[in-house]
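Have the model open as you read.

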Amino acid sequence: MAKPPEIIAAGDTPSGLITVVDEATVRAGVAAWRAKMLRPPGLWDKATRGTQDRINRIIPERVHAIVTAGVEAMTKGILFGADLIQTRPTAEGSLAARELRARAMIRTYRNTASVEGGVAGAGGFVLAAADFPALMAIKVRMLGDVVGAYGWGGDTVRERLFLLHIFHLAFASARRRPEALAELERWIAGVDQPEVITEYDWRRFQIEYRDYIDLAKLAQMIPVVGAPIGAVVNWRLVDRLGETAMMACRMRWFSGS
């Protein structure tokens with residue numbers, strides 16, 4: 001296995017970044033994050049999960065099919081669109097330098113999403129509903145740029161699936177996170193990978209994503225308080241995706257894949 005590029009180049013300690021000085025420190029950070037992903041559901045997770053399960057059972061199957069098709073079409077349109085495909089992977093640089101660029105991108109997208117969420121929250125139900133595809137677009141474009149900062153990306157099934165696995169893990173329920181993490185790790189190892197994008201489980205993807213954001217986004221529609229709630233919710237959702245993307249890229253970096 002080829003040795004990955006250096007963790008941090010001599011004289012390349014970037015400002016504004018929590019300095020990573022050795023591989024052990026980076027690996028420890030990844031291990032702590034993995035432990036958090038594998039943590040069993042708490043009381044709050046179980047309570048909200050039970051509520052969402054009851055709601056999902058009440059919703060007619062035809063509605064589930066329509067929502068699934070909508071999320072699939074929207075996600076495919078964003079993932080396979082020109083904006084994301086044309087993301088140019090960074091060709092060189094230490095891990096620390098790449099993470100400096102990735103963190104800067106996350107801050108930019110996070111602020112954009114926060115402003116967009118505040119405006120949507122102030123506009124009532126119609127704008128709050130319109131916020132769903134807009135926020136999805138912001139998050140997926142950020143994901144493409146963050147992965148590109150580490151030197152990966154491109155118009156291939158494998159790279160597209162990498163983005164989908166990161167996205168799914170970021171917004172999976174507590175009980176599903178271990179499985180979602182295992183799927184990401186199998187992708188990194190190149191084990192049991194689908195040959196075509198249509199083999200991806202869109203139904204599970206849309207339910208996990210929708211259920212993760214449902215309670216928070218409903219609060220965004222409340223008069224008066226909708227604007228600040230929308231701003232905070234979008235900020236946190238983008239921040240969570242950014243952290244997951246960076247950790248996934250660290251795992252891939254050390255794997256040499």
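## Ground rules

This is a predicted model, so to speak of local features takes pLDDT of at least 70, and side-chain atom pairs count only at pLDDT 80 or more, while totals for chains, interfaces and linings use all residues. Residues are numbered from 1 along each chain as its sequence is written, and side-chain values use heavy atoms, with hydrogens and water left out.

## The whole chain

The chain has 10 helices and 0 strands (DSSP runs, H or I of at least four residues for helices, E of at least two for strands, numbered from the N terminus). Of its 257 residues, 46% are buried, meaning under 20% relative accessible area with a 1.4 Å probe, protein chains only.

## Helix α8

With 13 residues, α8 reaches 18 Å from first C-alpha to last, close to the 18 Å expected at 1.5 Å a residue (1.5 Å times one less than the number of residues). Its buried residues are R177, A180, L181, E183, L184, W187 and I188. They cover an arc of only 155 degrees around the axis, so they sit on the same side of α8; the arc is taken from the directions from the helix axis to the C-beta atoms. Just after α8, G190 has a positive phi of about 75 degrees.

## Where α1 meets α8

Helix α1 (residues 23–37) packs against α8 (residues 177–189) at about 135 degrees, with axes 9 Å apart. Axes are lines fitted to C-alpha atoms, for helices over the stretch in contact, and angles run from 0 to 180 degrees between N-to-C directions. The two are therefore oblique: angles under 35 degrees count as roughly parallel, over 145 as roughly antiparallel, 65 to 115 as roughly perpendicular and the rest as oblique.

W33, R34 and M37 of α1 make the contact with R177, P178, L181 and E185 of α8 (heavy atoms within 4.5 Å). These residues split into 4 nonpolar, no polar and 3 charged, where Ala, Val, Leu, Ile, Met, Phe, Trp, Tyr, Cys and Pro are nonpolar, Asp, Glu, Lys and Arg charged, and the others, Gly among them, polar.

Key: Buried means under 20% relative accessible area, exposed over 50%, partly exposed in between (1.4 Å probe, protein chains only).
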